[in-house]
Amino acid sequence: MSGVVKIKDLEKQLMLRIDTNDLIEVDKVKRYIAIVKQIRKLQTEINKHGVMSTTINASQEFTKTNPAINELNKLTKTLITLENSIKFEMINPPDLEKETKDNDEPEVSDLY
């Protein structure tokens, strides 16, 4: 898999991982997707205009950090907080009882 994850695919996968009957969780996923879209727009602007910007004010000229970076950081923190609040369900939980042992190490009961 290469390139950027499509928003539509991301939303689809997130919706598969939640209880879609829980409207609060559905709303969280919708907000998550909205934030991802904003982050991508900000990243595009940062890529276009650079990390630093030069401001010319009358006879003064100074360089400062692109203000979009601060907004990007704020949105990223919000996204992480929102992600942690979503009640994800496991897709295909592993069946631990059916796992086969790959090595020849003895069982604890074999040692006594």
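The model is predicted. Helix α2 (residues 23-49) is in contact with helix α3 (residues 67-85), and α2 also meets α1. Strands β1 (residues 52-57) and β2 (residues 60-65) pair with each other in the antiparallel sense.

**Packing of α2 with α3**

- The axes of helix α2 and helix α3 come within 9 Å and cross at roughly 160 degrees.
- An angle over 145 degrees counts as roughly antiparallel, and α2 and α3 are therefore roughly antiparallel to each other.
- The crossing of α2 and α3 has a left-handed sense.
- From α2, the contact is made by Glu25, Lys28, Arg31, Tyr32, Ile35, Val36, Gln38, Ile39, Leu42, Gln43 and Ile46.
- From α3, the contributors are Ala68, Ile69, Glu71, Leu72, Leu75, Thr76, Thr78, Leu79, Leu82, Glu83 and Ser85.
- By residue class, the contact of α2 with α3 comprises 12 nonpolar, five polar and five charged residues.

**Packing of α1 with α2**

- The axes of α1 and α2 come within 10 Å, with a crossing angle of roughly 155 degrees.
- That angle makes α1 roughly antiparallel to α2.
- The crossing of α1 and α2 is right-handed, whereas that of α2 and α3 is left-handed.
- On the α1 side, the contact is made by Ile7, Leu10, Glu11, Leu14 and Met15.
- On the α2 side, it is made by Val26, Val29, Lys30, Tyr32, Ile33, Val36, Lys37 and Arg40.
- The residues of the contact of α1 with α2 divide into nine nonpolar and four charged, with no polar residue.
- Tyr32 and Val36 of α2 are listed in the contact with α1 and also in the contact with α3.

**Glu11 and its surroundings**

- Glu11 belongs to helix α1 (residues 7-16) and takes part in the contact of that helix with α2.
- Leaving aside residues up to four places away in sequence, Glu11 touches Val29, Lys30 and Ile33.
- Between the side chains of Glu11 and Lys30 there is a polar contact of 2.6 Å.

- The antiparallel pairing of strand β1 and strand β2 extends over six bridges.
- Thr55 stands opposite Phe62 in β2, and Ile56 is placed opposite Glu61 in β2.
- Two residues lie between the strands of this hairpin, in which Ala58 adopts a positive phi near 55 degrees.

How values were computed: Residues are numbered from 1 along each chain as its sequence is written. This is a predicted model: local features need pLDDT of at least 70, side-chain atom pairs count only at pLDDT 80 or more; totals for chains, interfaces and linings use all residues. Side-chain values use heavy atoms; hydrogens and water are left out. Axes are lines fitted to C-alpha atoms, for helices over the stretch in contact, and angles run from 0 to 180 degrees between N-to-C directions. Helices (H or I, at least four residues) and strands (E, at least two) are DSSP runs, numbered from the N terminus. Angles under 35 degrees count as roughly parallel, over 145 as roughly antiparallel, 65 to 115 as roughly perpendicular and the rest as oblique. A crossing is left-handed if the near helix is turned anticlockwise from the far one by less than a right angle, and right-handed if clockwise. Contact means heavy atoms within 4.5 Å. Ala, Val, Leu, Ile, Met, Phe, Trp, Tyr, Cys and Pro count as nonpolar, Asp, Glu, Lys and Arg as charged, and the others, Gly among them, as polar. Two strands pair if DSSP finds at least two bridges between them. A polar contact is a pair of N or O atoms within 3.5 Å; within protein, one must be able to donate a hydrogen and the other to accept it, and residues adjacent in sequence count only if both atoms are side-chain atoms.
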